[in-house]
Amino acid sequence: MDSSLLDSETGGTEALLEKLLLESGMDPSQLAEMAMGGGGEGQSVGGVPVTRITPTPGFCVKLKSAGDEKIFFNICQSDKVPPTKDLTDDELLKILESDDMSQFRIPMCIGEPHAELDKSGGGCTVYDVIVHTDFIKKLQTNNLFQTFFLSIVCEGIEEKYEAELKREWVVLKNRRCVGQLQEQTVRTKSKPVIMDMDHRTEAATSSEMDNQWKTSGLIQEVKESERKEIEKKQAPEPKFSLVKEPAEGHPEFLVAEIHLPLVKTAQAVSLDVGEDRILLETRSNVYHLDIYLPYNLVQEEVGAQFDRSTKILTLTMPVQAES
């Protein structure tokens with residue numbers, strides 16, 4: 001592909017991408033796995049192991065906010081970020097046209113915005129975005145993947161930092177970064193990616209977990225606790241249901257549906273799924289859920305989807321086989 005494409009504003013490819021995303025009914029942000037946090041090498045935050053990443057430059061993208069302020073993305077690289085699945089253009093287009101967007105995730109780390117000066121001495125805002133070294137090579141040579149990726153980055157930054165960005169950008173040909181790349185602290189243990197969804201085909205059941213499985217084994221149901229007063233520092237526990245499949249015997253997986261009516265997007269939710277535990281927290285301390293499960297899970301295969309229309313977070317959790 002002609003490298004001159006890297007220094008031009010997005011055009012036909014972005015229009016095609018937008019059309020495909022609209023047809024599939026999916027939000028680009030649901031494909032982005034964003035690792036954020038604080039701490040240091042060999043340390044932990046909230047019991048979660050973390051590590052520091054000092055990225056190296058890749059390429060730089062210039063765009064503007066809705067208020068015409070200058071914005072730059074430093075797209076940088078590190079081998080400490082998980083690699084991205086290698087796909088062809090045709091495979092990516094097929095995924096975009098399908099309803100199964102979980103086939104392709106882009107692990108990335110989006111850092112806090114930092115103020116810098118551009119080459120003319122004017123003020124600007126810069127975001128450092130780290131991806132795996134192998135994937136950045138693809139972004140630099142493949143216009144379709146680059147457009148797709150930058151759309152995801154814009155969406156993620158808008159949701160996390162309540163920004164509004166224009167979707168016209170230029171990839172700078174002779175500048176690899178603006179300002180000094182910021183060190184980021186990320187998890188060293190993977191957690192489920194919560195994907196925003198707009199529609200669901202099945203209604204969910206609301207309930208709180210009891211201490212024992214029902215005799216039928218199909219669904220873990222309520223005794224709903226009516227809390228009139230909640231401690232000031234403790235967020236309320238959301239309603240949820242827990243289903244095992246198959247219903248009889250040792251399950252192959254568990255499905256949890258957690259009702260979060262006050263949550264707008266998946267970016268507001270922090271979720272950790274341990275071997276036999278679910279820990280959920282939200283921004284502004286809106287909800288808090290900490291429960292133990294009656295089975296051990298296959299943690300690395302846990303999936304999570306948040307339906308923005310029903311405000312339900314669905315967790316699909318494979319169960320370890322009986323020993």
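Colleague: Why is Glu162 called exposed?

Modeller: Exposed needs over 50% relative accessible area. Glu162 has 72% relative accessibility, so it counts as exposed. Keep in mind that this is a predicted model.

Colleague: Where does Glu162 lie, and what is its phi?

Modeller: Glu162 lies in the loop between H4 and strand E9 (170-172). Its phi is near 55 degrees, a positive value in a residue other than glycine.

Colleague: Which value makes Ser284 exposed?

Modeller: Its relative accessible area is 73%. The cut-off is over 50%, so Ser284 is exposed. Ser284 sits in the loop between E16 and E17. Here too phi is positive in a residue other than glycine, near 60 degrees.

Colleague: What about Thr54: buried or exposed?

Modeller: Thr54 reaches 57% relative accessibility. That is over 50%, so Thr54 counts as exposed. Its place is in the loop between strand E3 (48-53) and E4.

Colleague: What makes the pair Thr54 and Glu183 a polar contact?

Modeller: The limit for a pair of N or O atoms is within 3.5 Å. The side chains of Thr54 and Glu183 are joined at 3.4 Å, a polar contact. Thr185 is another residue to look at from Thr54. The two are 131 residues apart in sequence, and 8.9 Å apart in space, C-alpha to C-alpha.

Colleague: Why is Ser65 called buried?

Modeller: Buried means under 20% relative accessible area. Ser65 has 8%, so it is buried. Its loop runs between E4 and E5.

Colleague: Which residues are in contact with Ser65, leaving aside its neighbours within four places in sequence?

Modeller: They are Ile71, Glu164, Leu165 and Lys166.

Colleague: How do you know that E6 is largely enclosed by the rest of the structure?

Modeller: Five of the five residues of E6 are buried, so the strand is largely enclosed. Ile106, Met108 and Ile110 point one way, while Pro107 and Cys109 point the other way. In a regular strand the side chains alternate between the two faces of the sheet.

Colleague: What makes E6 and E8 a pair?

Modeller: Pairing takes at least two bridges. Two bridges join E6 to E8, and the strands run antiparallel. In E8, Ile130 is the bridge partner of Cys109.

Colleague: Which residues of helix H3 are buried, and what do they pack against?

Modeller: In H3 (residues 133-141), the buried residues are Thr133, Phe135, Ile136, Lys138 and Leu139.

Colleague: What is the order of the open sheet of three strands?

Modeller: The order is E15-E16-E17, with antiparallel pairing. Strand E15 (269-273) and strand E17 (288-292) are the edge strands. What makes them edges is that each pairs on one side only. From one strand to the next, the twist averages 5 degrees.

Colleague: How many bridges join E15 and E16?

Modeller: Five bridges, in the antiparallel sense, with E16 spanning residues 277-282. At least two are needed for a pair.

Colleague: Which peptide bond is cis?

Modeller: The bond from Glu245 to Pro246, with omega near -5 degrees. Pro246 is placed in the loop between strand E13 (240-245) and strand E14 (253-259).

Colleague: What does the protein as a whole contain?

Modeller: There are four helices and 19 strands. Of the 323 residues, 47% count as buried. The accessible surface comes to about 16,600 Å², and 46% of that belongs to carbon and sulfur atoms. Among contacts between residues at least 6 apart in sequence, 67% join residues at least 24 apart.

Colleague: Where does pLDDT stay under 50?

Modeller: Residues 1-15 are one such stretch, with 27 contacts beyond four places in sequence. Residues 17-41 are another, with 74 such contacts. Over the protein, pLDDT averages 75, and 68% of the residues score at least 70.

Methods
Residues numbered from 1 in each chain as written. Predicted model: local features only at pLDDT ≥ 70, side-chain atom pairs only at ≥ 80, totals over all residues. Heavy atoms only, no water. Buried < 20%, exposed > 50% of the residue type's maximum accessible area, 1.4 Å probe, protein only. pLDDT = per-residue confidence, 0-100. Contact = heavy atoms within 4.5 Å. Axes fitted to C-alpha atoms, helices over the stretch in contact; angles between N-to-C directions. Polar contact = N/O pair within 3.5 Å; in protein donor to acceptor, adjacent residues only side chain to side chain. Areas by Shrake-Rupley, 256 points an atom, 1.4 Å probe, with all protein chains shown as cover.
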